[in-house]
Amino acid sequence: MDLKNYIGGNFSNQSGNEWITNLEPATGKTICRIPISNSEDVQRAIKSAKDAQKDWGNLSHAERSIWLDKIADKLEEWSEEIAELESRDTGKPISLSRSVDAARSISNFRFFAKIIRELDVETFEMPDAMNYVIHKPVGVGALITPWNLPLYLLSWKVAPAIGMGNTVVCKPSELTPMTADLLMRAINEIGLPEGVVNLVHGNGIETGAPLVESDDIDFVSFTGGTVTGSKVAASAAPDFKKLSLELGGKNSTIVFSDCDLDMTVSGVVRSGFLNQGQVCLCGSRIFVEEGIYDIFKQKLVEEVESMKIGDPLDENTNLGALISKEHLEKVQYYSDLAIKEGGVLLTGGDPCMPTEFLQGNWMAPVVVEGLSHDSRCSTEEIFGPLVTLHKFTNEDKLLKMVNNTRYGLAGSIWTEDLVKGRRIAELIHTGMIWVNTWLHRDLRVPFGGVKDSGVGREGGKWSLNFFSEVMNVCIKDK
Ligand code: TXE
């Protein structure tokens, strides 16, 4: 099957004849081919977005929110297809693509439909004047998304971007195009005005880069790696494009002796290995208070080894395949490096897989102890099923270790003493911290990181402000 671009309300071929073969992570089998769109295709998509923006921007927030709900309805109707496509395309367990990817993609559209419909005009009274604030569209945007949560992250950007009156060109990861294609089919089927949402398939250099660099792009919302994020920022800088970057992470999990041990063990395993550790929010450096280190380590390894690695389409699978051979090799490199850096592997390695999966990208989850907190494995983003265990004795030393990475995205703290939990949370340099939970998401809160984890926040009103130009009008009383 060959996928097509979606430009101006039509599915169309790329102008060149270059393709990328999309392989299934679990089996290595070909799923489809995607076109490598060039700057000509990109410019055609941008032009259709530009032509559509004026009329779309002139609709009211309420009128546009009806369209968001229509997309949500169609995705809800197709939710099982989303789950299966996402599971096949990413290698993640179907239970996860149902409960997280499909469900959250639908709620992204519903959530933004609601808060955009309810968006009020803010006023600020002065003794002799009144101010009122309106949200105007920015214009035409580039939405660039990665392979770990394909539709979840694409919908997280498309919904507020078009809801606030912008038109967009999407560029999904070349590793996971399937549900982006499904979203275009849904948009086409509900009859969204042509040119509001466009999509070009391709890679970063030939497709993503010309998209971000175009003078006709007014804003860029990017989620992906830190290295790529800095390239995107550099090309967006000359004409001051609005920029939102959600980049990599190397998040700390802090386990105090006074935690609820069993709840903490399962929470920490989920945080470390959900989606095979391929979530920017995963907690991959685990700091355990000395008093419970041994019992925690033993329970953690038991729970990790009890996870079922296997067919992503099997309901009982807990861990699927990694996204690509190259990524598997990257994570295996870090597993070998851990030993060179003085670590001890408590579990992990090559799982034995049934014959139909021998060509897949498989790795048993790895737990390493004995590494220094400033070793490469403990400070560099690995983005796979590998966590490092560290002991701590006091809060000052803990905070120094926790804050010593170039990233600052998320983290979690496990303690029954919530005063301590809050105190420690506020001393950690990240964008988000969970206490006695992880990935517990209220879509109204700000989402994003500091340092090398990104620039800006999305989520709730932070998305509405990013995807609009806020304008103040001040009227003097007579
Ligand atoms: O991201 P990339 P990848 C981390 C993780 C992973 C690393 C690379 O460590 O190993 O990033 O992952 C497009 N101009 N995260 O390869 O390369 C590209 O085609 C414009 C964390 O997926 O950053 C894709 O659509 N676009 C992250 C998107 O950018 C460019 C989730 C992301 O690709 C481009 C995923 C360019 N010059 C990976 N180069 C998170 N924060 O969740 C590439 N692209």
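**Exercise 1. In which element is Lys451 found?**

Solution. The model is predicted: local features need pLDDT of at least 70, side-chain atom pairs count only at pLDDT 80 or more, and totals for chains, interfaces and linings use all residues. Residues are numbered from 1 along each chain as its sequence is written, and side-chain values use heavy atoms, with hydrogens and water left out.

Step 1. Lys451 is found in strand E20; strands (E, at least two residues) and helices (H or I, at least four) are DSSP runs, numbered from the N terminus.

Step 2. The phi angle of Lys451 is near 55°, a positive value in a residue other than glycine.

Step 3. Asn436, with phi near 60°, likewise has a positive value in a residue other than glycine. Asn436 belongs to the loop between strand E19 (434-435) and strand E20 (450-451).

**Exercise 2. Describe the shell around the ligand.**

Solution. 

Step 1. The ligand is surrounded by 26 residues, each with a heavy atom within 4 Å of it. Trp147, Lys171, Glu174, Leu247 and Glu381 are the closest.

Step 2. By type, the shell holds ten nonpolar, eleven polar and five charged residues. Here Ala, Val, Leu, Ile, Met, Phe, Trp, Tyr, Cys and Pro count as nonpolar, Asp, Glu, Lys and Arg as charged, and the others, Gly among them, as polar.

Step 3. Helix H7 gives the largest share of the shell, three residues.

Step 4. Domain 1 (5-247 + 453-476) and domain 2 (251-443) each supply at least three residues to the shell; the bounds come from an automatic or database domain assignment.
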